[in-house]
Amino acid sequence: MEFLQPIIDDRETYIAEWQDCYISESKITGFVCTFYLYDKRHHFYGLNDIQDLLKEAKKRSKDVYLSLNAFEYGSRQTKDLKQIRNIGVDIDCYKLNIPVHRALEEIKRLITKGSIPNPNVVIFSGRGLQLLYSISGGASPKMSFLSQYITAQFISELRHLGADTSGTDVTRVFRLPYSVNSRNGKQVTLEIWRTLEYTLLELYSFCKPLEERRKPNKTNKTNKGTLHTLPSKRGLLDIYSLNTARKNDLEALVSLRMGEIEKRNVLTYIYAYTVALIIKNKEATIAFALQLNQRFTDPQKITAVKRTAGNGYDDAMKFFEEFKKRDFKMWYKDRDGIKRPMKSSTIIDELDITPEEMKQFSTIIDGIEKQVRNTSQKRKKRREEGVQDRESYLDDQHSKKESNRQKVVELLEKGHKQTEIAKIIGVSKAWISRLVKELKTK
């Protein structure tokens, strides 16, 4: 596929130990980080810090987590993502009263069936399982939407085992191997199931293609057509990118409000519509919505969630079919009864999202927050290019002026004339004259 060409690499890479999934000679851009639950502390590790990471794992500390991907040093925010290194699926089988060994049997069955790929590493997190797929050489942050799309597809296949539907964000963390789960005192262990790493293209091949069309089979007229995956349009990629980020924002909203959601039905509909455009499976969309509902302090009735999520899915698919007919170009003016994806401003109004909450989101932001981010981004870019911001510039100018004032005073005391002083310092005589007048008035 055209949009995947930049990430295709024919070189085969392997993992020898679990840490190779996170840091290796082929994964050197950025830093992975541990996260300590008890004090919310982060510690960052680069290529030269592998031994330090292993020492941390051997400490067997309680509730320590490790980022799946690499970031700029000192940050684990989406905007600071430097390299996609793993795709992970968190399976909370214990929530469905499914024993770990039974879950493993089902996972192996799905692998044999071809529904999901064989994970590189299986982490036994204490009560559940975490499947880790290591990306060969890492992938560009520009492909984060695809990594999240792939994750959502795998979660859809594993939802009956309790796969965490909120676990698609690139900032996600898994338990650090050999640390301890404080909920039951069990140590986190692991098994390596596959040493050959994956490309994103290989993992994507297990998913529903972003776009499918049928072409006539010229060699066999009795065959109605063969299914082909074609290069995806820019508009289609934008839809997937927007909705993977929007899904994360909606889940973050529930976390920020600690489950206290007043307009639960409205949020369920928006969430289901969003998820439907990612996974295009009605049953799975409803399963995602049901998991979100469980995070509310006052969950809705299951029948209500299923009805609302089903409506969201149906509306999303009607939109998508029309979107496809229009060659993946958005339209707004037609009164066709099709419910298009909500604008961010509409979601903000519908869910009463505050400016403080918007600061935590990627896409559900208003014009003010967007302008703040643009200004911040431009300032950061100027700093990286060696251009000072206005405040730093003014500070430097003030310091320079004070330094020149001191030089003028010293030269005047030595008997130099104003014309001579101007030449020595490299300023105009008029500036020296003004400065001398200021000094006389003090």
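Accessible areas here come from the Shrake-Rupley method with a 1.4 Å probe, and for residues only the protein chains shown count as cover. By that method the protein chain exposes about 23900 Å². Carbon and sulfur atoms supply 49% of it.

This is a predicted model: local features need pLDDT of at least 70, side-chain atom pairs count only at pLDDT 80 or more, and totals for chains, interfaces and linings use all residues. Residues are numbered from 1 along each chain as its sequence is written, and side-chain values use heavy atoms, with hydrogens and water left out.

**Overall make-up**

The protein chain has 14 helices and 13 strands. Both are DSSP runs, numbered from the N terminus: helices are H or I with at least four residues, strands are E with at least two. Of the 442 residues in the protein chain, 48% are buried. Buried means under 20% relative accessible area, exposed over 50%, and partly exposed in between (1.4 Å probe, protein chains only). A contact means heavy atoms within 4.5 Å. Among contacts between residues at least 6 apart in sequence, 69% join residues at least 24 apart.

Five strands form an open, antiparallel sheet in the order 4-5-7-6-11. Two strands pair if DSSP finds at least two bridges between them. Strand 4 (70–71) and strand 11 (189–192) stand at the edges. Each has a single partner strand, so one side of each is left without a neighbour in the sheet. Strand 6 (residues 121–124) and strand 7 (residues 129–139) run antiparallel, joined by four bridges. Phe 124 has Leu 129 in strand 7 as its bridge partner.

Two helices pack on this sheet. Helix 2 touches strand 5, strand 6 and strand 7, and its direction makes about 45° with that of strand 7. Helix 3 (residues 144–158) touches strand 5 and strand 7, and its direction makes about 5° with that of strand 5. Axes are lines fitted to C-alpha atoms, for helices over the stretch in contact, and angles run from 0 to 180 degrees between N-to-C directions.

Two packed helices are described by the angle between their axes and the distance between the axes. Helix 8 (residues 302–325) crosses helix 7. Helix 8 also crosses helix 6.

| Helix pair | Axes come within | Crossing angle |
|---|---|---|
| Helix 7 and helix 8 | 9 Å | roughly 130° |
| Helix 6 and helix 8 | 8 Å | roughly 45° |

Helix 7 is thus oblique to helix 8, and helix 6 is oblique to helix 8. Angles under 35 degrees count as roughly parallel, over 145 as roughly antiparallel, 65 to 115 as roughly perpendicular and the rest as oblique. The crossing of helix 7 and helix 8 is right-handed. Helix 6 also passes helix 8 in a right-handed crossing. Right-handed means that the near helix is turned clockwise from the far one by less than a right angle, left-handed anticlockwise.

Residues of helix 7 that meet helix 8 include Ile 286, Ala 289 and Leu 290. Those of helix 6 include Tyr 269, Ala 272 and Tyr 273.

**Single residues**

Asn 97 lies in the loop between strand 5 (81–91) and helix 2 (100–113). Its phi is near 60°, positive in a residue other than glycine. Asn 97 counts as exposed, at 70% relative accessibility. Lys 280 sits in the loop between helix 6 (264–279) and helix 7 (282–294). Lys 280 is not a glycine, yet has a positive phi of about 50°.

Ala 422 lies in helix 13 (residues 418–425). Ala 422 is buried, with a relative accessible area of 6%. Not counting residues up to four places away in sequence, Ala 422 touches Val 427, Ser 428, Lys 429 and Ile 432. Ala 422 and Ile 432 are 10 residues apart in sequence and 6.5 Å apart in space, C-alpha to C-alpha.
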